[in-house]
Amino acid sequence: MKKIILYYSRTGNSKRVAEKIGEGMDIEIIPIVDENKYKGIFGFVRAGFCAARWKKVKYSVDLKEKINDETHVYFVSPVWANHSASAVYSFLMDNDIKTKSIIFTNKGSSPEKAYSAMEEKFGKFQNKYCISNNENNEDEINKLILKEGSN
Ligand SMILES: Cc1cc2nc3c(=O)[nH]c(=O)nc-3n(C[C@H](O)[C@H](O)[C@H](O)COP(=O)(O)O)c2cc1C
(Lines give C-alpha, C1' and ligand atoms only; values in the text may rest on other atoms or scores of the structure.)
Protein backbone atom coordinates (compact mmCIF):
# COMPACT_ATOMS: atom_id res chain seq x y z
CA MET A 1 0.00 0.00 0.00
CA LYS A 2 1.30 3.44 -0.93
CA LYS A 3 1.87 5.79 2.02
CA ILE A 4 2.02 9.55 2.16
CA ILE A 5 2.11 12.18 4.88
CA LEU A 6 -0.12 15.24 4.88
CA TYR A 7 0.62 17.74 7.61
CA TYR A 8 -0.35 21.12 8.92
CA SER A 9 1.86 23.14 11.22
CA ARG A 10 1.41 26.62 12.64
CA THR A 11 4.62 26.92 14.63
CA GLY A 12 6.85 24.17 13.25
CA ASN A 13 6.46 21.18 15.60
CA SER A 14 4.25 19.11 13.34
CA LYS A 15 6.37 20.06 10.32
CA ARG A 16 9.50 18.76 12.08
CA VAL A 17 7.74 15.53 13.02
CA ALA A 18 6.36 15.06 9.48
CA GLU A 19 9.81 15.61 7.99
CA LYS A 20 11.48 13.10 10.31
CA ILE A 21 8.87 10.43 9.68
CA GLY A 22 8.84 11.14 5.96
CA GLU A 23 12.60 10.70 5.89
CA GLY A 24 12.48 7.55 8.04
CA MET A 25 9.80 5.91 5.89
CA ASP A 26 11.11 7.39 2.67
CA ILE A 27 7.70 8.70 1.68
CA GLU A 28 6.44 12.00 0.36
CA ILE A 29 5.29 14.71 2.75
CA ILE A 30 2.86 17.39 1.63
CA PRO A 31 1.70 20.42 3.63
CA ILE A 32 -1.94 21.39 3.94
CA VAL A 33 -1.77 25.18 3.92
CA ASP A 34 -4.42 27.14 5.79
CA GLU A 35 -5.35 30.47 4.24
CA ASN A 36 -5.45 31.92 7.78
CA LYS A 37 -2.11 32.35 9.50
CA TYR A 38 -3.40 32.60 13.10
CA LYS A 39 -0.68 35.01 14.15
CA GLY A 40 -0.37 36.39 17.68
CA ILE A 41 -2.79 36.03 20.55
CA PHE A 42 -5.86 36.83 18.42
CA GLY A 43 -4.77 34.18 15.95
CA PHE A 44 -4.40 31.66 18.78
CA VAL A 45 -7.87 32.44 20.13
CA ARG A 46 -9.40 32.30 16.65
CA ALA A 47 -7.71 28.95 15.93
CA GLY A 48 -9.10 27.42 19.14
CA PHE A 49 -12.56 28.91 18.59
CA CYS A 50 -12.76 27.56 15.00
CA ALA A 51 -11.39 24.12 15.84
CA ALA A 52 -13.68 23.58 18.83
CA ARG A 53 -16.66 24.12 16.48
CA TRP A 54 -15.36 22.18 13.44
CA LYS A 55 -15.51 25.46 11.53
CA LYS A 56 -14.40 24.74 7.99
CA VAL A 57 -11.52 26.83 6.67
CA LYS A 58 -10.04 27.50 3.24
CA TYR A 59 -6.90 25.50 2.64
CA SER A 60 -4.73 24.41 -0.24
CA VAL A 61 -2.83 21.19 -0.79
CA ASP A 62 -0.68 20.37 -3.77
CA LEU A 63 -1.31 16.67 -4.34
CA LYS A 64 0.76 15.33 -7.19
CA GLU A 65 -1.25 12.12 -7.43
CA LYS A 66 -4.84 11.52 -6.44
CA ILE A 67 -5.30 9.69 -3.15
CA ASN A 68 -7.20 6.45 -3.73
CA ASP A 69 -8.31 3.50 -1.63
CA GLU A 70 -4.82 2.01 -1.96
CA THR A 71 -3.22 4.95 -0.17
CA HIS A 72 -2.53 5.07 3.56
CA VAL A 73 -2.49 8.73 4.60
CA TYR A 74 -0.61 9.75 7.74
CA PHE A 75 -1.95 13.07 9.00
CA VAL A 76 0.37 15.07 11.22
CA SER A 77 -1.37 17.87 13.08
CA PRO A 78 -1.21 19.89 16.27
CA VAL A 79 -4.02 19.30 18.76
CA TRP A 80 -6.25 22.34 18.78
CA ALA A 81 -8.84 22.34 21.56
CA ASN A 82 -9.24 18.54 21.46
CA HIS A 83 -9.55 18.47 17.67
CA SER A 84 -7.03 18.45 14.85
CA ALA A 85 -5.98 21.76 13.36
CA SER A 86 -8.72 23.25 11.19
CA ALA A 87 -6.92 22.70 7.87
CA VAL A 88 -6.64 18.97 8.59
CA TYR A 89 -10.27 18.34 9.52
CA SER A 90 -11.38 20.60 6.66
CA PHE A 91 -9.39 18.42 4.25
CA LEU A 92 -10.99 15.31 5.78
CA MET A 93 -14.45 16.85 5.37
CA ASP A 94 -13.77 17.14 1.63
CA ASN A 95 -12.01 13.82 1.11
CA ASP A 96 -13.23 10.40 2.18
CA ILE A 97 -9.93 8.81 3.17
CA LYS A 98 -10.39 5.11 3.89
CA THR A 99 -7.00 4.16 5.35
CA LYS A 100 -5.50 6.77 7.62
CA SER A 101 -3.47 7.35 10.76
CA ILE A 102 -3.13 10.43 12.92
CA ILE A 103 0.01 11.76 14.51
CA PHE A 104 -0.76 14.61 16.86
CA THR A 105 1.70 16.97 18.41
CA ASN A 106 0.58 18.82 21.50
CA LYS A 107 1.72 20.52 24.67
CA GLY A 108 0.75 17.78 27.07
CA SER A 109 -2.95 17.25 27.60
CA SER A 110 -4.36 13.75 27.10
CA PRO A 111 -5.02 13.18 23.38
CA GLU A 112 -7.94 10.79 24.01
CA LYS A 113 -10.65 13.41 23.46
CA ALA A 114 -9.02 14.49 20.22
CA TYR A 115 -8.78 10.85 19.03
CA SER A 116 -12.47 10.25 19.81
CA ALA A 117 -13.61 13.51 18.22
CA MET A 118 -11.71 12.69 15.02
CA GLU A 119 -12.90 9.07 14.86
CA GLU A 120 -16.52 10.01 15.54
CA LYS A 121 -16.38 12.47 12.67
CA PHE A 122 -14.18 10.67 10.15
CA GLY A 123 -14.20 6.97 11.05
CA LYS A 124 -11.36 4.79 12.17
CA PHE A 125 -7.75 5.89 12.17
CA GLN A 126 -5.58 2.81 11.86
CA ASN A 127 -2.90 4.13 14.20
CA LYS A 128 -3.05 7.06 16.58
CA TYR A 129 -0.05 8.73 18.15
CA CYS A 130 0.67 11.83 20.16
CA ILE A 131 4.02 13.54 20.54
CA SER A 132 3.78 15.78 23.59
CA ASN A 133 6.13 18.56 24.45
CA ASN A 134 5.72 17.95 28.19
CA GLU A 135 6.29 14.20 27.83
CA ASN A 136 9.50 14.62 25.86
CA ASN A 137 8.52 11.53 23.88
CA GLU A 138 9.32 12.58 20.32
CA ASP A 139 12.16 10.10 19.66
CA GLU A 140 10.29 7.22 21.29
CA ILE A 141 7.07 7.84 19.30
CA ASN A 142 8.99 8.40 16.07
CA LYS A 143 10.60 4.99 16.51
CA LEU A 144 7.22 3.38 17.18
CA ILE A 145 5.68 5.02 14.09
CA LEU A 146 8.53 3.82 11.90
CA LYS A 147 8.32 0.31 13.37
CA GLU A 148 4.53 0.05 12.94
CA GLY A 149 4.72 1.75 9.52
CA SER A 150 7.10 -0.88 8.19
CA ASN A 151 4.69 -3.76 9.00
C1 LIG B 1 -5.53 26.99 19.17
C2 LIG B 1 -4.63 26.02 19.88
C3 LIG B 1 -5.19 25.08 20.72
C4 LIG B 1 -4.35 24.15 21.38
N5 LIG B 1 -4.94 23.20 22.17
C6 LIG B 1 -4.15 22.31 22.82
C7 LIG B 1 -4.73 21.30 23.65
O8 LIG B 1 -5.97 21.17 23.77
N9 LIG B 1 -3.89 20.46 24.32
C10 LIG B 1 -2.51 20.55 24.21
O11 LIG B 1 -1.81 19.77 24.86
N12 LIG B 1 -1.94 21.48 23.40
C13 LIG B 1 -2.72 22.36 22.70
N14 LIG B 1 -2.14 23.30 21.89
C15 LIG B 1 -0.68 23.29 21.70
C16 LIG B 1 -0.29 22.67 20.35
O17 LIG B 1 -1.01 21.48 20.07
C18 LIG B 1 1.22 22.31 20.31
O19 LIG B 1 1.98 23.41 20.67
C20 LIG B 1 1.61 21.81 18.93
O21 LIG B 1 2.80 21.03 19.02
C22 LIG B 1 1.85 22.93 17.94
O23 LIG B 1 2.14 22.35 16.68
P24 LIG B 1 2.73 23.21 15.47
O25 LIG B 1 4.03 23.81 15.94
O26 LIG B 1 2.92 22.22 14.39
O27 LIG B 1 1.74 24.27 15.12
C28 LIG B 1 -2.94 24.21 21.21
C29 LIG B 1 -2.39 25.19 20.37
C30 LIG B 1 -3.23 26.07 19.70
C31 LIG B 1 -2.62 27.10 18.76
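## The nonpolar core

A nonpolar core is a set of buried Ala, Val, Leu, Ile, Met, Phe, Trp, Tyr and Cys residues joined through C-beta atoms within 7 Å, where a residue is buried if 20 or more other C-beta atoms lie within 10 Å of its own, exposed if 12 or fewer, and partly exposed in between, the C-beta atoms being placed from the backbone. The structure discussed here is a predicted model, in which local features need pLDDT of at least 70 and side-chain atom pairs count only at pLDDT 80 or more, while totals for chains, interfaces and linings use all residues. Residues are numbered from 1 along each chain as its sequence is written.

The largest nonpolar core has 32 residues, and F75, V76, V88 and I103 are those with the most contacts inside it. Two or more residues each are given to this core by β1 (2-7), α1, α2, β4, α3 (86-94), β6, α4 (112-122) and β7 (128-132), helices (H or I, at least four residues) and strands (E, at least two) being DSSP runs numbered from the N terminus. The largest share, six residues, comes from β4. In soluble globular proteins, nonpolar side chains tend to be buried together.

## Residues in and around the core

Contact between two residues is taken to exist if their C-beta atoms, placed from the backbone, lie within 7 Å. Leaving aside neighbours within four places in sequence, F75 is in contact with L6, S84, V88, K100, I102 and I103. V17, which lies in helix α1, is buried because 26 other C-beta atoms lie within 10 Å. With neighbours within four places again left aside, V17 is in contact with V76, I103, T105 and I131, and its C-alpha atom is separated by 11 Å from that of S132, 115 residues apart along the chain.

Helix α3 is mostly covered, since seven of its nine residues are buried, namely S86, A87, V88, Y89, S90, F91 and L92. The C-alpha atom of V88 is separated by 9.8 Å from that of P31, 57 residues apart along the chain. P31 lies in strand β2 and is partly exposed, with 19 other C-beta atoms within 10 Å; not counting residues up to four places away in sequence, P31 touches Y7 and Y8.

## Packing of two helices

Helices α1 and α5 (residues 138-149) pack at an angle of about 35 degrees, with their axes 10 Å apart; axes are lines fitted to C-alpha atoms, for helices over the stretch in contact, and angles run from 0 to 180 degrees between N-to-C directions. On the α1 side K20, I21, G24 and M25 meet N142, I145, L146 and G149 of α5. By class, this contact has four nonpolar, three polar and one charged residues, where Ala, Val, Leu, Ile, Met, Phe, Trp, Tyr, Cys and Pro count as nonpolar, Asp, Glu, Lys and Arg as charged, and the others, Gly among them, as polar.

## Around the ligand

Of the 20 residues around the ligand, S9, T11, N13, S14 and P78 come nearest, a residue being near a molecule if its C-beta atom, placed from the backbone, lies within 6 Å of it. At least two residues of this shell are supplied by each of α1, α2, β4 (71-80) and β6 (99-106). The shell divides into six nonpolar, 11 polar and three charged residues.

## Two loop residues with positive phi

D26 has a phi near 55 degrees, a positive value in a residue other than glycine. Its place is in the loop between α1 (13-25) and β2 (29-34), and D26 is exposed, with 7 other C-beta atoms within 10 Å.

For W54, phi is near 55 degrees, a positive value in a residue other than glycine. W54 is found in the loop between α2 (40-52) and β3 (59-61), and is partly exposed, with 14 other C-beta atoms within 10 Å.
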